[in-house]
Amino acid sequence: MAGQEGVAAELGISDAIATNICSIPQETIDPMTSVIRVTHPLVDHHLCVVRDAKTKPSEFRAAIGRLAMFLGVRATEDLQMQAVNIRTPLADAPSHRLAVTIGVVPILRAGLGMVDPLMVLLPDSQVWHLGLYRNEETAEPISYYDKLPPGGAPDVALVLDPMLATGGSIELAVRRLRSWGVPDIRVVSIIASQQGIDRIAKLGDDVRIFVAAIDPVLDERSYIVPGLGDAGDRIFDTPRS
Ligand code: PRP
Ligand code: URA
């Protein structure tokens, strides 16, 4: 891409506008960790809403849903399609439709906040819940709900959890979905920590992770910093004392 001044001249716009255009981050795909950081001005905008400690729960939930929609669109961009011929009221229309079965897998509780937008995009997918919570002392995930049947795994699982912190919860979910027989696992998270991403990469599994932001550190309680706080508590308005 031409430099900033070049862009302004090429497009016939002012330097100030070119500066804004050039400062919009480009999508990054890290081939070592299979992390896709989805960038869009509206993703950045809604991230401000969820990060802001002053955002009230109803606005927080709405912004999580909007972000999930953007991430969901990107995470489904290369789903396998099949050619079909659709008969419209007027004529044949050579078309394409999904050729794979999809399971949406929210991690309870916070993943529930991302289900509705994914179901808008994929109304015929199944929803399989996995219940995990982190032990407050060790941050290790503990499974408390899992009703996956013995067979019948979908072709693609979209694992929904707004936060990928230590990566323990997603690691457990990925292992469980692989043991169920899911061939294609895609994780959709709003904010991931670099440490969590590295942990998932070390699994050597080819799971892909779609995120809106990657934050640098975890604090002593394994919360993502700056992050957005406790996603489940903010979605469900259950402040801890
Ligand atoms: C949060 C979050 C993830 C997990 C991430 O759930 O929603 O599931 O922590 O942390 P990790 O990457 O270190 O495993 P939490 O345990 O707070 O449960 P909740 O959603 O019921 O609040
Ligand atoms: N779970 C959350 O909800 N937030 C964090 O920062 C880490 C785990």
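The questions below go from the whole chain to single residues, and the model is a predicted one.

User: How many helices and strands are there in the protein?
Analyst: The protein has 241 residues, and 34% of them count as buried. Among contacts with a separation of 6 or more, 60% are between residues 24 or more positions apart. The secondary structure comes to eight helices and 14 strands.

User: At what angle do helix α3 and helix α4 pack?
Analyst: Helix α3 covers residues 41–51 and helix α4 covers residues 57–75. Their axes are 9 Å apart. The angle between them is about 150°.

User: Is α3 roughly parallel or roughly antiparallel to α4?
Analyst: The cut-off for roughly antiparallel is an angle over 145 degrees. The angle here is about 150°, so α3 and α4 count as roughly antiparallel.

User: What is the handedness of the crossing between α3 and α4?
Analyst: The α3 side of the contact has L42, V43, H46, L47, V49 and V50, and these meet E59, F60, A63, I64, R66, L67 and F70 in α4. By class, that contact has 10 nonpolar, one polar and two charged residues. The crossing of α3 past α4 is left-handed.

User: Is I107 buried or exposed?
Analyst: I107 sits in strand β5. A residue counts as buried at 20 or more other C-beta atoms within 10 Å. I107 has 28 C-beta neighbours inside 10 Å, so I107 is buried.

User: How far is I107 from G131, C-alpha to C-alpha?
Analyst: Beyond four places in sequence, the contacts of I107 are L130, L132, V159, L160, D161, S169 and A173. G131 is 24 residues away from I107 in sequence. In space, the two C-alpha atoms are 5.8 Å apart.

User: Is L118 buried or exposed?
Analyst: L118 belongs to helix α5, residues 115–121. There are 27 other C-beta atoms within 10 Å of L118, so L118 counts as buried.

User: What separates the C-alpha atoms of L118 and L158?
Analyst: Leaving aside neighbours within four places in sequence, L118 contacts A68, G72, V104, L158 and L160. L118 and L158 are 40 residues apart along the chain. Their C-alpha atoms are separated by 9.0 Å.

User: Which element gives the largest share of the shell around ligand 1?
Analyst: The shell has 23 residues, and the closest are A110, A165, T166, S169 and G232. At least two residues each come from β5, β7, β10, α6 and α8. The largest share, three residues, is from β7.

User: How do the residues around ligand 1 divide by class?
Analyst: The shell around ligand 1 holds 23 residues. They divide into 12 nonpolar, seven polar and four charged.

User: How many residues of the shell around ligand 2 are nonpolar?
Analyst: The residues around ligand 2 are A110, M163, A165, Y223, I224, G227, D230, A231 and G232. Two of the shell are polar and one is charged. The nonpolar count is six.

User: What is omega for the peptide bond from L108 to R109?
Analyst: Most peptide bonds are trans. The bond from L108 to R109 is cis. R109 is in the loop between β5 and α5. Omega is near -5°.

User: Is S222 exposed or partly exposed?
Analyst: S222 is in the loop between β13 and β14. Phi is positive there, about 65°, although S222 is not a glycine. S222 has 17 other C-beta atoms within 10 Å, so S222 is partly exposed.

User: What is phi of D237?
Analyst: D237 lies in the segment after α8. D237 has 11 other C-beta atoms within 10 Å and is therefore exposed. Most residues other than glycine have a negative phi. For D237 phi is positive, near 55°.

Notes. Residues are numbered from 1 along each chain as its sequence is written. Chains are lettered from A and ligands numbered from 1 in the order in which they are written. This is a predicted model: local features need pLDDT of at least 70, side-chain atom pairs count only at pLDDT 80 or more; totals for chains, interfaces and linings use all residues. A residue is near a molecule or strand if its C-beta atom, placed from the backbone, lies within 6 Å of it. Ala, Val, Leu, Ile, Met, Phe, Trp, Tyr, Cys and Pro count as nonpolar, Asp, Glu, Lys and Arg as charged, and the others, Gly among them, as polar. Helices (H or I, at least four residues) and strands (E, at least two) are DSSP runs, numbered from the N terminus. A residue is buried if 20 or more other C-beta atoms lie within 10 Å of its own, exposed if 12 or fewer, and partly exposed in between; C-beta atoms are placed from the backbone. Two residues are in contact if their C-beta atoms, placed from the backbone, lie within 7 Å. Axes are lines fitted to C-alpha atoms, for helices over the stretch in contact, and angles run from 0 to 180 degrees between N-to-C directions. Angles under 35 degrees count as roughly parallel, over 145 as roughly antiparallel, 65 to 115 as roughly perpendicular and the rest as oblique. A crossing is left-handed if the near helix is turned anticlockwise from the far one by less than a right angle, and right-handed if clockwise.
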